[in-house]
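Here is a short tour of one protein model. Keep the sequence and the structure in view as you read.

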Amino acid sequence: MTATVRTRVAIVGAGPAGLLLSHLLATAGIESVVVDSRTREQIETTIRAGILEQGTVDLLAAIEGSRVHTVGHRHDGIVLGFEGSGHRIDFPSLTGRSVWLYPQHEVLKDLVAARLAGGQDLRFGVTVEAVEGADTTSPAVVATDAEGRTLRIEADVVVGADGSRSVVRPAVVGSRSGGRFREYPFAWFGILCEAPPSSDELIYSRSDAGFALISQRSETVQRMYFQCDPELDPASLSEAQIWDALQRRVPGTVLREGPIIQRDVLRFRSFVANDLRRGRVVIVGDAAHTVPPTGAKGMNLAVADVVLLAEALDGLLLRGDASLLDTFAERALRRIWKAQHFSWWMTTMLHVAPEDSEFDRLREVGELRSVVESEAGQTYLAEGYTGWPL
Ligand code: PHB
């Protein structure tokens with residue numbers, strides 16, 4: 001038995017990109033169905049990044065019930081640490097903007113609640129098998145629902161917002177991996193710990209031992225990362241070894257320690273799919289591109305894609321005008337490549353690669369100095385970090 005559903009936009013993936021898209025479409029009066037292979041609980045509890053650009057916050061704050069301004073924290077700067085000292089970059093004085101620390105799973109709780117309250121057809125535990133008919137005006141998603149039944153969703157447009165292991169991507173680029181990518185010879189060892197904050201603002205620190213990032217989650221829970229080998233087993237270090245690795249990488253700050261409640265190793269990858277659209281099938285967010293986490297661009301870039309796509313679908317589905325959809329990929333890719341550069345730049349400047357020569361190491365410190373000792377340099381970083389206008 002196959003259940004067939006008909007909608008205007010079939011959205012695969014209930015992450016930030018998919019849920020925000022369904023929200024923007026609903027606001028314009030365009031109906032959509034959102035499916036995700038995960039359960040609601042998995043979506044709402046998976047720990048991901050935490051920094052939102054000003055434009056992302058403004059968009060989310062406008063959604064009924066959003067807690068971004070009440071639970072999130074505004075950050076007016078970051079500290080760049082190197083050679084034993086910290087250098088603060090003050091965002092408002094340089095750009096008139098700030099960023100907000102509001103973890104992605106909190107964003108998702110807000111979006112899921114708002115979509116369900118709005119009567120959105122949102123289905124969890126649905127595994128997509130294939131996307132058909134990209135070159136027709138009626139593409140379809142073929143899936144298995146939570147009860148094991150075949151589900152066919154016929155739509156005017158199919159959107160893949162299903163993350164870096166996207167099952168929609170092959171319908172656009174012809175294969176799972178078709179794109180441009182770059183690997184990095186390091187990863188981040190991430191922890192969540194129960195401790196008070198060690199710093200009011202995020203510290204991005206480069207040391208001879210490697211990079212560390214001191215971030216926060218709340219008054220009682222902190223998120224921290226340090227550079228490690230991508231093959232490192234997260235279970236292989238004792239808590240004392242973890243604190244020692246972190247503390248050595250932030251020499252100017254005394255870390256406030258506490259029980260480590262979660263640990264993971266995050267691999268680094270930069271990726272941009274060869275195309276973002278084929279006919280009536282489009283990919284956005286991590287399905288279309290991945291950035292290393294150093295610039296905090298991942299979720300923000302997904303939001304920027306979705307803003308452009310919502311406008312393009314509005315044109316196509318409400319006015320029969322395909323021109324914005326035809327140029328969607330080209331326009332989205334301009335920001336995507338800027339963000340790729342920004343993330344690559346922050347990453348290479350702040351990490352010590354195993355193959356770095358003495359020349360490379362000293363040059364990278366020179367690069368950091370040329371940022372912090374110049375207002376133009378600081379402004380360049382602040383503009384990228386707080387996000388270019390949407
Ligand atoms: C985080 O808090 O998880 C976080 C913050 C900034 C980054 C990456 C991750 O650049």
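The largest nonpolar core has 108 residues, and Leu-80, Tyr-204 and Tyr-385 touch the most other members. This is a predicted model. Helix α9 (residues 298–319) gives the largest share of this core, 12 residues. Domain 1 (2–50 + 103–178 + 274–345) and domain 2 (184–268 + 352–386) both contribute residues, so the core lies between them.

Look now at Tyr-204. Neighbours within four places in sequence are left aside here; beyond them, Tyr-204 is in contact with Ile-78, Val-79, Leu-80, Gly-81, Phe-211, Ala-212, Leu-213, Thr-294, Ala-296, Met-346, Leu-350 and Tyr-385. Another core lies apart from the largest one. This other core has 20 residues, including Ile-203, Ile-214, Met-224 and Trp-243.

**Two helices that cross**

Two packed helices are described by the angle between their axes and the distance between the axes. Take helix α12 (residues 358–372) and helix α13 (residues 375–386). Their axes come within 5 Å and cross at roughly 95 degrees. An angle of 65 to 115 degrees counts as roughly perpendicular, so α12 is roughly perpendicular to α13. On the α12 side, Ser-370, Val-371 and Val-372 make the contact.

Most residues other than glycine have a negative phi. Glu-83 is not a glycine, yet it has a positive phi. Ala-296 is not a glycine either, and its phi is positive too.

| Residue | Phi | Loop | Relative accessibility |
|---|---|---|---|
| Glu-83 | about 50 degrees | between β6 (77–82) and β7 (85–90) | 53% |
| Ala-296 | about 60 degrees | between β21 (289–290) and α9 | 15% |

Are these residues buried or exposed? Exposed means over 50%, so Glu-83, at 53%, counts as exposed. Buried means under 20%, so Ala-296, at 15%, counts as buried. Ala-296 is also one of the residues in contact with Tyr-204.

**A buried glutamine**

Gln-104 lies in helix α6 (residues 104–117). Its relative accessible area is 8%, so Gln-104 is buried. Which residues is Gln-104 in contact with, leaving aside its neighbours within four places in sequence? They are Pro-16, Arg-48, Ala-49 and Met-299.

Definitions and conventions. Residues are numbered from 1 along each chain as its sequence is written. This is a predicted model: local features need pLDDT of at least 70, side-chain atom pairs count only at pLDDT 80 or more; totals for chains, interfaces and linings use all residues. Side-chain values use heavy atoms; hydrogens and water are left out. A nonpolar core is a set of buried Ala, Val, Leu, Ile, Met, Phe, Trp, Tyr and Cys residues joined through side-chain atoms within 4.5 Å. Buried means under 20% relative accessible area, exposed over 50%, partly exposed in between (1.4 Å probe, protein chains only). Helices (H or I, at least four residues) and strands (E, at least two) are DSSP runs, numbered from the N terminus. Domain bounds come from an automatic or database domain assignment. Contact means heavy atoms within 4.5 Å. Axes are lines fitted to C-alpha atoms, for helices over the stretch in contact, and angles run from 0 to 180 degrees between N-to-C directions. Angles under 35 degrees count as roughly parallel, over 145 as roughly antiparallel, 65 to 115 as roughly perpendicular and the rest as oblique.
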